[in-house]
Amino acid sequence: MNIAVISDYKGFNGLKAEWQDLLSRSGADNIFLTYEWTDSCIRHFYSGEKLLILTVFDGQKLIGIAPLAIKKDRYLGMALRKLCFIGTSISDRMDFLLDGDRDRIITLIFDYLMSMDKEWDVIDLEEISEAAGNISATKGYLSKR
């Protein structure tokens, strides 16, 4: 498995068909994970933010998407760079799109995020549903670190 990073709108725009296919295979029943919702969020709320859409491939097959961005924010008057889902604070539920071994894919995603920890100050993934299978894989990864 390997990760490819999409950091601009042009790269995201070229992912539409694969995104829709992965969403249908992922079992995620969530309008906030659709390509169209993410596209609207990027164009209207994240145009000045740094996109960090991580795509996970097993050979040529897309098996994971982490739809993330690094957003400038403030906490107690201090500026910070928040790593969050695209759509955070305007979407009810967000998550990773995964089709395959969740633990291995989540580990690959978080290992990548930890390797670039100088680019963000805090991770905010509060919109992940407790009912989603990805939350247990995420908790498992974090408990080992």
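Modeller: What follows sets computed values against the definitions behind the labels.

Modeller: This is a predicted model, in which local features need pLDDT of at least 70 and side-chain atom pairs count only at pLDDT 80 or more, while totals for chains, interfaces and linings use all residues. Residues are numbered from 1 along each chain as its sequence is written, and side-chain values use heavy atoms, with hydrogens and water left out.

Colleague: What makes H2 oblique to H3?

Modeller: Helices (H or I, at least four residues) and strands (E, at least two) are DSSP runs, numbered from the N terminus. The axes of helix H2 (residues 16-26) and helix H3 (residues 35-45) come within 10 Å and cross at roughly 130°. That angle is the reason H2 is called oblique to H3. Angles under 35 degrees count as roughly parallel, over 145 as roughly antiparallel, 65 to 115 as roughly perpendicular and the rest as oblique. The axes are lines fitted to C-alpha atoms, for helices over the stretch in contact, with angles from 0 to 180 degrees between N-to-C directions.

Colleague: Which residues make the contact of H2 with H3?

Modeller: On H2 they are Lys-16, Trp-19 and Gln-20, and on H3 they are Tyr-35, Glu-36 and Thr-38; contact means heavy atoms within 4.5 Å. The residues of this contact divide into 2 nonpolar, 2 polar and 2 charged. Here Ala, Val, Leu, Ile, Met, Phe, Trp, Tyr, Cys and Pro count as nonpolar, Asp, Glu, Lys and Arg as charged, and the others, Gly among them, as polar.

Colleague: How do you know whether Cys-41 and Cys-84 are buried or exposed?

Modeller: Buried means under 20% relative accessible area, exposed over 50%, and partly exposed in between (1.4 Å probe, protein chains only). Cys-41 has a relative accessible area of 2%, so Cys-41 is buried. Cys-84, at 0%, counts as buried as well.

Colleague: What makes Ser-26 count as buried, and where is Ser-26 placed?

Modeller: Ser-26 is in helix H2. Its relative accessibility is 12%, so it counts as buried. Leaving out residues up to four places away in sequence, Ser-26 touches Leu-97, Leu-98 and Arg-102. A polar atom of the Ser-26 side chain lies 2.9 Å from the backbone oxygen of Leu-23. A polar contact is a pair of N or O atoms within 3.5 Å; within protein, one must be able to donate a hydrogen and the other to accept it, and residues adjacent in sequence count only if both atoms are side-chain atoms.

Colleague: Is Leu-97 buried or exposed, and what value decides?

Modeller: Leu-97 has 0% relative accessibility and therefore counts as buried. Leu-97 is placed in strand S5. Neighbours within four places in sequence set aside, the contacts of Leu-97 include Trp-19, Leu-22, Ser-26 and Ile-65.

Colleague: What makes Leu-76 and Ser-89 count as exposed?

Modeller: Leu-76 is at 73% relative accessibility, so Leu-76 counts as exposed. Ser-89 has a relative accessible area of 61%, so Ser-89 is exposed. Leu-76 is found in the loop between strand S3 (61-75) and strand S4 (78-85), and Ser-89 in the loop between S4 and strand S5 (97-98).

Colleague: What is phi in Leu-76 and in Ser-89?

Modeller: Most residues other than glycine have a negative phi. Phi of Leu-76 is near 50°, a positive value, and Ser-89 has a positive phi of about 80°.
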